[in-house]
Amino acid sequence: GSALARGLLSWARPERWLPSCSLFPLSCIHTSTSLQKLGKWEKKNLIVYPPQLPGEPRRPAEIYHCRRDIKYSKDKMWYLAKLIKGMSIDQALAQLEFSDKKGAKVIKEVLLEAQELAVRKHNVEFKSNLHIAESLTGRGRYVKRIRYHAKGMFGIMKIVRCHYFVKLVEGPPPPPEPPRTGFDQAKEYVQELRNRTLVHTL
Amino acid sequence: ALAVQAPAVLPQAAAEGREGSTEAPGLWESILWMAVPKKRRSIEVNRCRRRHPSKLIQEKRNIDVCPECGNLKQKHVLCGYCYAKVKAETRLIRMEIRKKEGGPFNAPTVETVVLYEGEKPTEKDEGKRIIERARKRPSWFVQN
């Protein structure tokens with residue numbers, strides 16, 4: 001009873017779903033969105049490399065972005081994440097625009113936000129010169145609720161949420177790997193046979 | 001005493017026995033014939049099924065660029081942006097029509113012509129109803 005009430009109150013907390021300072025433009029109150037603990041993915045944006053030496057090849061810019069607690073299933077979101085993995089950002093946006101899934105709209109927003117971040121903060125010159133290096137989904141916080149059935153029976157349903165993580169890297173997308181042929185497999189087998197040695201001997 | 005009481009009890013028991021044998025099997029018996037998983041499916045087996053190429057989303061190869069506005073569109077579908085802008089203009093024209101008619105069932109029996117700022121009705125638009133719109137003619141709305 002008390003746990004349920006506490007759970008309900010935590011759900012109904014307004015600072016969870018209002019963006020910071022949207023209703024009070026004149027006040028400078030820090031709402032909870034800025035004070036929430038930074039997750040591991042958000043912290044990846046904060047690493048600073050030492051300046052590169054003149055001879056080194058240019059390190060491509062990496063942008064980490066994520067969205068937390070999306071009201072969608074992580075398994076269903078995974079299919080979209082798998083679709084856009086390895087594509088250039090324009091191609092990914094085109095595919096997501098014409099996908100019928102609910103998560104496609106969310107991922108499109110996340111990609112556009114990440115593109116904007118890249119151009120403004122991460123010194124990326126051309127916003128089209130980005131490709132998606134990694135795109136992952138994770139399980140968000142689930143809530144359990146009662147689902148009422150006939151004859152007084154009930155089931156416990158889970159309200160499912162997910163996180164979506166994306167890593168954009170500057171540069172054209174890498175060429176796709178050529179599929180493994182029988183010749184490659186045979187070569188690897190012969191190499192394994194050649195790598196065998198005698199153990200516990202002189 | 002037993003011989004007297006027995007006939008009163010026996011027919012009822014016989015009747016119940018007969019009913020029980022001819023009764024259709026209830027739910028608790030037919031469960032034995034239902035399809036039921038024998039073993040828990042391991043996560044490896046589940047992954048093979050969920051990640052099979054037939055279940056992955058296919059990439060769409062029918063996306064082009066709209067020559068009018070430059071947004072993306074599917075080849076066999078109207079451009080969403082251009083359709084939305086035409087829809088908005090049509091809504092305003094319909095609001096003007098509603099203002100002119102002033103109520104339901106007042107549609108005239110003649111054709112309608114939409115004229116924008118600075119346009120005069122030509123001799124072709126003699127008997128037609130004229131709807132005025134207070135803006136410049138949009139480039140996509142070609143005048144006859």
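Reader: Why is B:Glu111 called exposed?

Author: Exposed means over 50% relative accessible area, buried under 20%, and partly exposed in between (1.4 Å probe, protein chains only). B:Glu111 has a relative accessible area of 53%, so the residue is exposed. The model is predicted: local features need pLDDT of at least 70, side-chain atom pairs count only at pLDDT 80 or more, and totals for chains, interfaces and linings use all residues. Side-chain values use heavy atoms, without hydrogens and water, residues are numbered from 1 along each chain as its sequence is written, and chains are lettered from A and ligands numbered from 1 in the order in which they are written.

Reader: What makes the pair B:Lys128 and B:Glu111 a salt bridge?

Author: A salt bridge requires a side-chain nitrogen of Lys or Arg within 4 Å of a carboxyl oxygen of Asp or Glu. For B:Lys128 and B:Glu111 the N to O value is 3.4 Å, and their side chains meet in a salt bridge. B:Lys128 is partly exposed, at 27%.

Reader: How do you know that A:Arg161 forms a salt bridge with A:Asp69?

Author: Their closest N and O atoms are 3.8 Å apart, and the pair is a salt bridge. A:Arg161 has a relative accessible area of 15% and is therefore buried, whereas A:Asp69, at 26%, is partly exposed.

Reader: Why is B:Arg133 called buried?

Author: Its relative accessible area is 11%, so B:Arg133 is buried.

Reader: What makes the pairing of B:Arg133 and B:Glu89 a polar contact?

Author: A polar contact is a pair of N or O atoms within 3.5 Å; within protein, one must be able to donate a hydrogen and the other to accept it, and residues adjacent in sequence count only if both atoms are side-chain atoms. The side chains of B:Arg133 and B:Glu89 make such a contact at 3.0 Å.
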